[in-house]
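Please walk me through this structure. Keep it brisk, and give the cut-offs as you go.

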Amino acid sequence: MKKKKVIDEIYIPDVGSQVETIDGKEYLITNDAMYTFFRRTKGEFSAFFLALKNEKRLLGCKCTKCGIVRVPPFLTHCPDCNFAPTEMIEVEQVGIMNSTPPITYFATSLFQHMAPYGRGRVIFKGADTAMSINLYTTTGILVPGIITKGTEVKLIFRDERIGEMTDVFCVPTAELTQEKITKNGLQESEIDWETPQEPLLPIASEEESNQYRKALDEMKDLIEDMNRNESARKAIAGWKRDIQIKTRGGQFAIRIDDGDITLTESVVSSPDFIMVCDDIHTLLDGLAYRGAITDSVINKKIWISKNMEFNTIFKLDRMARFLVRSKKV
Ligand SMILES: [Zn+2]
């Protein structure tokens, strides 16, 4: 007798592949099975992950014959030496980027809470191979150019560790004091994330000041429009942020408060983050849905003081999009 399966056969596609043509280009689609929520052992990697989690140490494996040190220690026997055994050793927590890390700004839901982050390969002192790791900066938003191939970086441990690769990440040593660079097991809470280097703005000419006034008036109308628009309000539901915005012509504040958005010509005493936008038109264009604000951040036309606030920028883009769309209907 055939056993009845939990998921009916008709919902399980045959293993195989097909080609789909979109805009004249062929794409290969394969059927794969996906499983979720399972227990698995870290097996012979346990020592490596336990050392990260409990002792804040970075381990590698050293071949007893040729001496090559692999980090992480993914081999118990060396394939270069007819499978001579390897032994666990500790390596240093400072290393060099051996490639320029790509930056992920728009992550899948699984990694969204970590974005934006760089993902690159680091050769730690004492190791011969590179380890894949997430990268951050303490100087504000992570943009291309801060960490490149050859940049010296420091291993940082999360305060809460569970024994995963995400327990650790790296920041450039150039952003740390000598004392912190040499300290082993340095934790994220020991790093100064609160004093990023704000870009300096030139003093505005009279012509630029006039243009600033005009653009600011336009922005005020736009923000009022957003505040009245039900669709736009949905993009910032449940979100609360005080943003201080500095431009060449002057500064103002945008306050987001669970659907409400307001612009005031004031200085907030303790803003959630600071935005520096040399030309106010860059931000105005973004809010008016003439190009995305996220793009301006990535292209370094807009600087924000906290990396994780890219999330808020993303919401402002959505507001702009929702406003324009609701007006088309
Ligand atoms: Zn070997």
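C66 is partly exposed, because its relative accessible area is 42%. Here buried means under 20% relative accessible area, exposed over 50%, and partly exposed in between (1.4 Å probe, protein chains only). C78 is buried, at 0%.

This is a predicted model, in which local features need pLDDT of at least 70 and side-chain atom pairs count only at pLDDT 80 or more, while totals for chains, interfaces and linings use all residues. Residues are numbered from 1 along each chain as its sequence is written, and side-chain values use heavy atoms, with hydrogens and water left out.

The ion is coordinated by the SG atoms of C63, C66, C78 and C81, at 2.3 to 2.4 Å. Donors are N, O and S atoms within 2.8 Å of the metal (3.2 Å for Na, K and Ca); water is not among the atoms, so sites may look incomplete. Along the chain, the zinc donors follow the spacing C-x2-C-x11-C-x2-C. C66 sits in the loop between β3 (58-63) and β4 (69-70), and C78 in strand β5 (residues 77-78), so the pair ties together parts 12 residues apart in sequence. Strands (E, at least two residues) and helices (H or I, at least four) are DSSP runs, numbered from the N terminus.

Now to helix α5, residues 280-287. The helix is mostly covered, with 6 of its 8 residues buried. These are I280, T282, L283, L284, G286 and L287. Just after α5, Y289 takes a positive phi of about 65°.

Last, Y11. This tyrosine lies in the segment before β1 (17-22). Y11 counts as exposed because its relative accessibility is 60%.
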